[in-house]
Amino acid sequence: MSDFLAFPPVSSLRGVLRVPPSKSATNRALLLAALTDVPVEIARPLESDDTTALRRCLEAMGASITTTGEGLRVSGPLRGAADRVIELDAADSGTAARFLAAAAAATPGRFILGGSPRLCERPIGELVDALRSAGARIEYGAGEGCLPLTIEGGTVESGEVVVDAARSSQFLSALLLAAIAVDGGLRVRAAGRIASGPYVATTLEVLRDFGHSVEVGGDFAVRRGGPISGRYETPGDYSSAVPLAAAVGIAGGEATLEGLRWPSSDADAGALPVLERMGVRLVHGHGGLSASAQRDALRPASVAAGEFPDAVPALAALAALAHGQSTFSGVAQLRLKESDRLAALAALVRAVGAKAEVREDALVVTGPAAGGAEAVTRLSTFRDHRIAMAAGLLSLRLPGLLVEDPGCVAKSYPTFFRDIETLSVR
């Protein structure tokens, strides 16, 4: 039986809140620290289901990861076992699976990489093809192009690698991160369009923070360096800040979101201008972001959202409560997430009485929502953390909504509903 959360509507949101650390930066820092010869202190890392899955796998590969007063102390390097195959369970984490596939291929040892049933449906074939072209010995355990994988590690050779990153920038990022474990490094080139390109910028930023050599031209050349120091400070997460700012837009009021770098390479920082177009006033201050809005003043917007796809669920919730039609285009990759997010968002929007249309690479939302047809409407989240957050945003305005499986937000933002409650004025 699924759990449901009843989150009563609020009159406004007000207060100060420190946003969670970046999941993207935490995962990249964990892997780079585990591939490093000297201990690294990761200050204020995110603790979530995704980062825990990666941490557990890195420990299975030989990393020592201990809790400190500031965060985590990570000691590498990674290594396999001489007498056995190491099983790596990435759970629901696509990021962990892609990063581990490349890291395991560059690490001596034998590995079997798997995950949850949904993760084993998500694509990894383009990354496997690129790794094989560099000498990696990888076999599929079930269907072509998906987990599980059997990996003979330490087989990646230095040189140029070409990867198709049109469906996921994580394929490219995985190769860039694993390059520091390859003698002589790697020169990596994307074959055509890169999905959600700003996530690659985050990868390059963290590599540089760790002191590694990065050259950017028509391709990316990465070689082992540093680290410059044994400490990495995790920035705040714009993927968490966007739904918080959207919540202010829906409920009205004003909130200060602390712990955010500006300017930022974070992909979802690109969604901030869209929030402003939809009626949320944003002001950057020292280490934070102030969000304010008038109640009942949301506006529709039509944007190309392919560079910040994780922000689309929160933006779709805003669109469902605005008068008029909003279109979020260039987001075909949302079909390949923890759920088919285009279909899931359309179902969510329709459940609250707004209109939704799914096109080949776009979601069209026409509001305003009228509320469900029944006294109590159960909102399916498809066990997807971003969909659960969007359902929670709608609950701030519409009565009688029950959010299914609210605990799935632990994948990226375990305290999401508690933080919204902290800001709520009723």
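**Exercise 1. Which residues touch the most other members of the largest nonpolar core?**

Keep in mind that you're working with a predicted model.

Step 1. Start with the core itself: the largest one has 79 residues.
Step 2. Now pick out the members that touch the most others: these are L275, L315, L393, L396 and F416.
Step 3. Look at where the core's residues come from. Helix α7 (residues 238-251) gives the largest share, 10 residues.
Step 4. Zoom in on L393. Leaving out residues up to four places away in sequence, L393 touches P243, A246, A247, I250, A314, A317 and F416.
Step 5. Apart from it lies another, of 74 residues, with L78, L88, V161 and F171 among them.

A bit of background: in soluble globular proteins, nonpolar side chains tend to be buried together.

**Exercise 2. Work out how α7 and helix α9 (residues 312-321) pack.**

Step 1. Read them off: the angle is about 10°, and the axes are 9 Å apart.
Step 2. Angles under 35 degrees count as roughly parallel, so α7 is roughly parallel to α9.
Step 3. Find who meets whom. From α7 come V242, P243, A246, G249 and I250, and they meet A314, A317, L318 and L321 of α9.
Step 4. Sort the contact by class: you get 8 nonpolar residues, 1 polar and no charged ones.

**Exercise 3. Find the pairing partners of strand β2 (residues 12-18).**

Step 1. Take strand β24 (residues 424-425): 2 bridges join β2 to β24, and the two run antiparallel. Here S12 sits opposite V425.
Step 2. Next try strand β15 (residues 253-258). This time there are 6 bridges, and β2 and β15 run parallel. V16, for instance, has T256 as its bridge partner.

**Exercise 4. Describe the open sheet of 4 strands.**

Step 1. Write down the order: β10-β11-β13-β12, with mixed pairing.
Step 2. Spot the edges. β10 (159-163) and β12 (213-216) each pair on one side only.
Step 3. How are neighbours turned against each other? By 20° on average, if you ignore direction.

Technical notes
Residues numbered from 1 in each chain as written. Predicted model: local features only at pLDDT ≥ 70, side-chain atom pairs only at ≥ 80, totals over all residues. Heavy atoms only, no water. Core = buried A, V, L, I, M, F, W, Y, C linked by side-chain atoms within 4.5 Å. Buried < 20%, exposed > 50% of the residue type's maximum accessible area, 1.4 Å probe, protein only. Contact = heavy atoms within 4.5 Å. Pairing = 2+ DSSP bridges. Axes fitted to C-alpha atoms, helices over the stretch in contact; angles between N-to-C directions. Parallel < 35°, antiparallel > 145°, perpendicular 65-115°, else oblique. Nonpolar A, V, L, I, M, F, W, Y, C, P; charged D, E, K, R; others polar.
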